[in-house]
Amino acid sequence: MDAFPLITPSTSEGLRPDPIDFSPEELRELNRRFGVHGPQPRLAQLFTEGIDQLQPLRTHTLGRLEELRPVILSESRRYQINPMLVTAVLFDELQHAKPGEDHPLAARSGLFSTHGPAQLSLGELVKQGLLPADATPEQIDEARMKLLDPDRNVRLLVGKFVRLKQALGLPDRALLMASTSPADAKAMATLAYLHNGKLDYPARVLRYMQDPELHALLYGSRKPITSALI
């Protein structure tokens, strides 16, 4: 598969390269190859930012991530995917999940196009060779239930990043480290962009990757957050 030649960090004189600064050429190429889009409307971005300020929701999301921590670490280690990238994407998707979409009845209804903690579609299963392109209704129903399984969903997310690294011509066994390499930071921003398809998404994911509480959850211990009323 052809390598994607445009993953180079943009920079301004005297400044550190900005990994989320995609050039017009990069955007055109990413759109041509992967069908990505521009940012979501500013009002939607403000709504998303507002949701992130809800402490009870954040606490619930961190609890979900704590349950997924073992599979995040094991699968990330197995395939050399940065676990903070996986955690940041999962945090975002769990924070902004639609009510009821993880219920089996809702999944079987076809009302939602993506499922599970990482919000993956049936198309991702097809791309990973886990579902035939001409799947029967029974196979599609079974695949939707697989996507609802949290641990399996995380494995599929890691598999998606492996697939995208290969499509971009990135070394399979290289662990990307945004803190030490501007090129790696740009590559991770690109992977985040390709996961979601919206131009404002990479900045959010890279910001979550720097979240001290997410770092503590993944690599240390997180003190339970208690209500001020207790």
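Visitor: Which way does α4 pass α8, left-handed or right-handed?
Guide: The crossing of α4 past α8 is right-handed. Right-handed means the near helix is turned clockwise from the far one by less than a right angle, and left-handed means anticlockwise. This is a predicted model, where local features need pLDDT of at least 70, side-chain atom pairs count only at pLDDT 80 or more, and totals for chains, interfaces and linings use all residues. Residues are numbered from 1 along each chain as its sequence is written, and side-chain values use heavy atoms, with hydrogens and water left out.

Visitor: What angle do α4 and α8 pack at?
Guide: About 120°, with the axes 11 Å apart. α4 covers residues 83–95 and α8 residues 150–167. Axes are lines fitted to C-alpha atoms, for helices over the stretch in contact, and angles run from 0 to 180 degrees between N-to-C directions. Helices are DSSP runs (H or I, at least four residues), numbered from the N terminus.

Visitor: Which residues meet there?
Guide: Leu85, Val86, Val89 and Leu90 in α4 meet Val154, Leu157, Val158 and Phe161 in α8. Contact means heavy atoms within 4.5 Å.

Visitor: New topic. How far does α8 reach?
Guide: Its 18 residues span 26 Å from first C-alpha to last, close to the 26 Å expected at 1.5 Å a residue. The expected span is 1.5 Å times one less than the number of residues.

Visitor: And what follows α8?
Guide: Gly169, with a positive phi near 75°.

Visitor: Back to α4. How does α10 sit against it?
Guide: The axes of α4 and α10 (residues 201–209) come within 8 Å and cross at roughly 115°. That crossing is right-handed.

Terms used: Helix = DSSP H or I, 4+ residues; strand = E, 2+ residues; numbered from the N terminus.
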